[in-house]
Amino acid sequence: MVFSTVALGAAIGLPSCLTTPVTSVAPKLPVFAGSRVAQTQNAFNPDMSFVFNFGARLSDSMSPPMRRATMREIEWGIAADVDPYMRAEAYIAFASPLDEDEGEVDVEEAFGSYTGLAAGHDVRVGKLAGAVGRVNRNHVDQLDFFDYPLLVTSVLGEEGLRAPGVSWSYLLPGDRFNELTVEALVPEDGPLFAGSDTGKPVVVGHYRTFFDFTRDLSAQLGFSYGTGPMAGETSNVYGADFVAKLRPEGTGRSIVFEAETLWYKAGGGSQRNGHYASLAYELTKRLWAGARYDYVQLPDGSDTLRAVSTGLTLKMTEFQLIRLEWQNIDSNAGASRNQLFLQVQFLIGPHRAHKY
Amino acid sequence: MNRHLIAVIVASSVSVAAYSNLTVVTSTEDLASIAKAVGGDKVTVSAIVTGARDPHSIEAKPSFMSRLMRADLWIAVGLDLEVAWEDAIIRGSRNNNLRPGAKGHLYASTGIAPLEKPTGNVSRAQGDIHPNGNPHIWLDPANARKIADTIADKLSALDPANKAVYARNATAFQKRIDEEMFGTAAVAAIGSVKLWSWSSAGNLSAQVRAAGQRLGGWSASMEPYRGSAIVTYHKSWSYFADRFGLKVIDQLEPKPGIPPAPGHIAHVIRECTANKVKAILQEPFYSKNAAQTVAGRVGAKVVVAPLTVGSDVAAKDYFSLMDTIVARLSATLGG
């Protein structure tokens, strides 16, 4: 009796990617000898890139860490297809933060994504940037400002919510882009979630939709929800994120508006919230001006922080930028601080994607 | 009753057959124009890069991913023109049939010998160069002919039932290219193979005269200016210049992707004066300041021409794109 592998696989619940013959995709291995073998193997080396991120801070505080310069991060990006079913990506940071005395090696993200699933589905396994809002999923080098908004660093964790786990996302059929993402994560203890494990993971969900109003004007709107343990109780977070971009053809005068808000309750604490809104304007082909307002109530209920940031970014090429940014940060506890940041960031390696 | 039901089923089958079979998404509107000509009513075609946008610098918008999710075929130019966003939108679409090497993926540059392929070590110190050669292939009408064949082959592989239709449409497209390029009379009297061969050899006018014929079309407009020196903003016009025998003496960009700087502009002004440059040819999406500065100093004119279909109201399809470039440039060179 002859069985169809697809029908047999479907009968036992396997996805089509594991049952469809792959001979048309996977080339037969050539039989080469000596140095030809080495040359052929080089073709399978992963793409690699390095992003160098230098930062210096001048502050009205006389504390030495507030007047420090460091190579704050060298991010090593690695990506390649594993086989016809999976692609692997890793982003490893050799970090020396301005606020810390010692450097560290941190795996920012490292995951395998199954590429051959049924239409619209994507599953990732590994260490992931949690699907809470929009900016949490960006790496430092992708930000329009020197650092993450306070909303991310004070609520989700110093580097945001980045944790091992599993992510499933689904691109809904239809003319409009609609994507739903659900993740189960086991993060280290942070301001909002603590004490999670594989039996009690943090579960987050994000929905986003995209609008192409005209050729020049587009926007993306997202909603988030997350729940997980916090010291024997449960934390919840709700959020909304929005970005709109106006890029008039041929003028080199783009405007990007971005805003996010989160409402959260850490364990048995009270309901708190935080927000940010930013505007970036392309003054000339390479020069951007930006401003951001941050407001965040710390999850433990102790304090409220406000910050205003404004700066100029000179994008020398797609591979290098120089940024000068001033920030005033102030808390209801009375502390206020002015900081001036200089950032020089440069990239070597393959062209990185122009993400929206 | 049953007869009515059968009639309805047959009628709906017929109407389904009349609809397009394949959904094709292309990176540029030039490729969309050629794909529409080849695919006819058997395909639905749309392009990602619309209007006067630089195809190098497109953002991977989520709406592109939705469009690719439903596509049967993705056609990109290749040669790294779409390197900054192609992979992101294909992966984002989760449509594995469109990944490079899969049956629904096509690089239109397949089989075309690229110009300006760097030799020796390649580094970004040379600017944002394309390691596999200049990707602006569509601006040589001979390459448009080749692209039509490449697309016809791919559509035939995806939709074998309509192979003859695609072949017929590609031939019709190529015939029109020949006639627009050399004129109907010259094509009829001499044949397109000889004409393209003479055009590539750089002796088209002399050979056509020797054959007792007269050139028409784009060649007739451009042949008087064979050997003329021009300056361009970016290395976008190399294939066009190569086909029509124009000498591109320099670019306003000191290196690809690097905006003009005063020292380089001064150098270009000296070159323009020495070579009696009459036209500075540039794409609509770059700043015209540098071009106007140089033109003002040397008595040349700035010719802003559409780089792609859709980047100018006059460039509605491949033929009107070439009509517009030829008309604007020849008017300036002859002025």
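**Reading a predicted two-chain model**

Guide: In this predicted model, A:G274 is a residue of strand β12 (residues 272–282) of chain A.

Visitor: Why is A:G274 called buried?

Guide: Buried requires a relative accessible area under 20%. The value for A:G274 is 0%, so A:G274 is buried.

Visitor: With which residues is A:G274 in contact, leaving aside its neighbours within four places in sequence?

Guide: A contact requires heavy atoms within 4.5 Å. By that criterion, and with the neighbours within four places set aside, A:G274 touches A:L151, A:E260, A:T261, A:L262, A:Y264, A:Y295 and A:V296. A:D212, by comparison, is 62 residues from A:G274 along the chain, and the two C-alpha atoms are separated by 28 Å.

Visitor: What makes A:A231 count as exposed?

Guide: The cut-off for exposed is over 50% relative accessible area. A:A231 has 68% relative accessibility and therefore counts as exposed. A:A231 sits in the loop between β9 (217–230) and β10 (233–246) of chain A. Its phi is near 50°, a positive value in a residue other than glycine.

Visitor: Why is B:E116 described as partly exposed?

Guide: Partly exposed is the class between buried, under 20%, and exposed, over 50%. B:E116 has a relative accessible area of 40%, so B:E116 is partly exposed. This residue is located in the loop between β4 and α5 of chain B. B:E116 is not a glycine, yet its phi is positive, about 55°.

Visitor: How do you know that β3 (residues 86–95) and β4 (residues 104–114) of chain A are joined?

Guide: Two strands pair if at least two bridges are found between them. Strands β3 and β4 of chain A run antiparallel and are joined by ten bridges. One example is A:A93, whose bridge partner in β4(A) is A:D106.

Visitor: How many bridges does β4(A) have with β5 (residues 121–129) of chain A?

Guide: These two strands pair over five bridges, in the antiparallel sense. Here A:F111 stands opposite A:G126 of β5(A). The two strands form a hairpin with six residues between them, and A:G120 in the turn has a positive phi of about 90°.

Visitor: What can be said of chain A as a whole?

Guide: Chain A has three helices and 16 strands. Of its 356 residues, 44% count as buried. Among contacts in chain A with a separation of 6 or more, 51% come from residues 24 or more positions apart.

Visitor: Turning to chain B, why are β2 and β4 (105–107) said to stand at the edges of their sheet?

Guide: The four strands form an open sheet with parallel pairing, in the order β2-β1-β3-β4 (chain B). Each of β2 and β4 has a single partner strand, so one side of each is left without a neighbour in the sheet. On average, neighbouring strands of this sheet are turned by 20° against each other, direction ignored. Between β1(B) and β2(B) there are six bridges, in the parallel sense; B:V24 has B:V45 of β2(B) as bridge partner. Helix α3 (residues 62–69) of chain B lies across β1, β2 and β3 and runs at about 160° to β2(B).

Visitor: What makes helix α2 (residues 29–39) of chain B mostly covered?

Guide: Nine of its eleven residues are buried, among them B:L31, B:I34 and B:V38. The cover over the buried residues includes β1 (22–28), β2 (43–49), β3 (73–76), α5 (141–158), α6 (163–182) and α14 (318–333) of chain B. After α2(B) comes B:G40, with a positive phi near 55°.

Visitor: Why is α12(B) called oblique to α13(B)?

Guide: The axes of α12 (residues 262–275) and α13 (residues 289–298) of chain B come within 10 Å and cross at roughly 40°. Roughly parallel would need an angle under 35 degrees, and roughly perpendicular begins at 65. The pair is therefore oblique. The crossing is right-handed. On α12(B) the contact includes B:I265, B:V268 and B:C272, and on α13(B) it includes B:A290, B:V294 and B:R297. By class, seven residues of this contact are nonpolar, two are polar and one is charged.

Key: Residues numbered from 1 in each chain as written. Chains lettered and ligands numbered in written order. Predicted model: local features only at pLDDT ≥ 70, side-chain atom pairs only at ≥ 80, totals over all residues. Heavy atoms only, no water. Buried < 20%, exposed > 50% of the residue type's maximum accessible area, 1.4 Å probe, protein only. Axes fitted to C-alpha atoms, helices over the stretch in contact; angles between N-to-C directions. Parallel < 35°, antiparallel > 145°, perpendicular 65-115°, else oblique. Left-handed = near helix turned anticlockwise from the far one by under 90°. Nonpolar A, V, L, I, M, F, W, Y, C, P; charged D, E, K, R; others polar.
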